[in-house]
Amino acid sequence: MSFKFPYQYGFVDNRKIPYPTVPVSLDTIRGRRSFLFIMDTGADTLTLPKYMIHLLGIDKKQLTESEAQGIGKELVQTWEGKGSITFCGRTFSVNCSFTDNDNTPFLLGKEEIFDKFNVIFDNEKQLTIFEELAVRTKSI
């Protein structure tokens, strides 16, 4: 089964920039809500802004303090933990990272996504396509 999501657009210096955004549902203190995430193949984990710690009802003391490096060389303060997401009709656990910044974009990283889906960026059709992988059994 495949799931297709149209690119969304933003503007940078008056240039129209495509973003491969996808809806991901999270359980918040206000019930299940859908958020648009950028499918970021350069990110390892699901990455969220700091304010989402409260909105998801997470006790910050239960998270592991860490640092991450993005595109630049500066290290960013983060808090790491696990969370549950619903994506493409499946609910599963993912590693997640909360940055020390409320302006961080919602990023869907590779972990737990690449082992469940092939990801295709169809620039001609302006779509991000997720194709479910067949369930693999471990061989001994």
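1. Exposed, in this note, means over 50% relative accessible area, and buried means under 20%. The model is predicted.

2. Start with G89. Its place is the loop between β8 and β9. Its relative accessibility is 76%, so G89 counts as exposed. I38 is 51 residues away from G89 along the chain, and the two C-alpha atoms are 18 Å apart.

3. Is T78 buried or exposed? Its relative accessibility is 1%, under the 20% limit, so T78 is buried.

4. Next, strand β7, residues 64-69. How many of its 6 residues are buried? The count is 0, and the strand is hardly covered. β7 pairs with β8 in the antiparallel sense, over 6 bridges. On the residue level, Q69 has L75 in β8 as its bridge partner.

5. Now the open sheet. It has 3 strands, in the order β1-β12-β11, with antiparallel pairing. β1 (2-6) and β11 (117-122) are the edge strands, and each pairs on one side only. On average, neighbouring strands of this sheet are turned by 15° against each other, direction ignored.

6. β1 and β12 (residues 127-132) are joined in the antiparallel sense over 5 bridges. S2 stands opposite E131 in β12. When inspecting such strands, recall that side chains in a regular strand alternate between the two faces of the sheet.

7. The largest nonpolar core holds 28 residues. Which of them touch the most other members? They are F37, F87, L108 and F130. At least two core residues each come from β1, β4 (21-28), β5 (31-39), β6 (46-48), α1 (52-55), β8 (75-87) and β9 (90-99). The largest share, 4 residues, is supplied by β9.

8. Neighbours within four places in sequence are set aside here. What is F87 then in contact with? The partners are F5, V22, P23, V24, F92, L108, I113, F117 and F130. Two of these partners, L108 and F130, are also named with F87 among the core members that touch the most others.

Note on methods: Residues numbered from 1 in each chain as written. Predicted model: local features only at pLDDT ≥ 70, side-chain atom pairs only at ≥ 80, totals over all residues. Heavy atoms only, no water. Pairing = 2+ DSSP bridges. Axes fitted to C-alpha atoms, helices over the stretch in contact; angles between N-to-C directions. Core = buried A, V, L, I, M, F, W, Y, C linked by side-chain atoms within 4.5 Å. Buried < 20%, exposed > 50% of the residue type's maximum accessible area, 1.4 Å probe, protein only. Contact = heavy atoms within 4.5 Å.
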